[in-house]
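Look at the sequence and the fold below.

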Amino acid sequence: INVTTAMEYQKDDASDWTDVGGTTITSLSAGTYHIRVKASGKVLASENKDVVVADYVPVIHYGVWVGTTQITSANAGNVLGDSKISYAPSTKTLTLNNATITGAGNRVYTNTIKDACGIYSKHDLTIMVRGENTITGAENQQYGSYGIFVSGRLNIYADTDNAKLTVKGGKSTNSSNAWVAGIYANGITVNVSDDEILAAMRLLGRTQGVFGEPAGVTGTAGVK
């Protein structure tokens, strides 16, 4: 609201008017306020304009970033504004629905983590996958560049039979002391079907010349 010292305001249940002391009005309780230009000399006060002040709702930060965006109570339902990513804080579940995510440039998540990450979480995280999704680390980073970095346990599962998640690290200019992993976490659980495990065994044999036991190819089956 553009206000000046020539104005005054009054809450709708108050009897007195209060002078505006500057260009802003702060510390107002919730309610409806009347605001007007004060009378001056022979000029009467202007007509009132009503302004509704809502209850203050603090923004909660959930310790999860998607690219450059930190997830909060204000954006959790639609993190990037494209209806493809949402977050449920009660279960710490990030839902991806045909999302494409690129790592944020080097930034400080904590005092010790200054890497570029497509997704970063300070705590355990569950990722639910719908449709085809891609997460890629950032290019030309001074430090590490991860697709997903979770300072806790990571759980990944598909919500539909045709769901797909492709994750890969980015690139770092520090070749001697930087990681560019697709996924880093303190333990990973990937829920996949038997058909996906068999497909992963065939994929590894065809593309890498590697035979994998079913238990050993689960990661490949879940994250391709």
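Among contacts in the protein between residues at least 6 apart in sequence, what percentage join residues at least 24 apart? The share is 56%, where contact means heavy atoms within 4.5 Å. The model is predicted: local features need pLDDT of at least 70, side-chain atom pairs count only at pLDDT 80 or more, and totals for chains, interfaces and linings use all residues. Residues are numbered from 1 along each chain as its sequence is written, and side-chain values use heavy atoms, with hydrogens and water left out.

The protein has two helices and 17 strands (DSSP runs numbered from the N terminus; helices are H or I of at least four residues, strands E of at least two). Of its 224 residues, 35% are buried, that is, under 20% relative accessible area with a 1.4 Å probe, protein chains only.

The largest nonpolar core has 25 residues; such a core is a set of buried Ala, Val, Leu, Ile, Met, Phe, Trp, Tyr and Cys residues joined through side-chain atoms within 4.5 Å. Ile119 is one of the members that touch the most others. Beyond its neighbours within four places in sequence, Ile119 contacts residues including Trp65, Leu94, Ile127 and Phe149. A second, separate core of six residues includes Val3 and Tyr33.

An open sheet of five strands runs in the order S6-S5-S10-S13-S16, with mixed pairing (two strands pair if DSSP finds at least two bridges between them). Its edge strands are S6 (69-72) and S16 (183-185). S13 and S16 pair in the parallel sense over three bridges, and Phe149 has Tyr184 in S16 as its bridge partner.

Conventions
Buried < 20%, exposed > 50% of the residue type's maximum accessible area, 1.4 Å probe, protein only.
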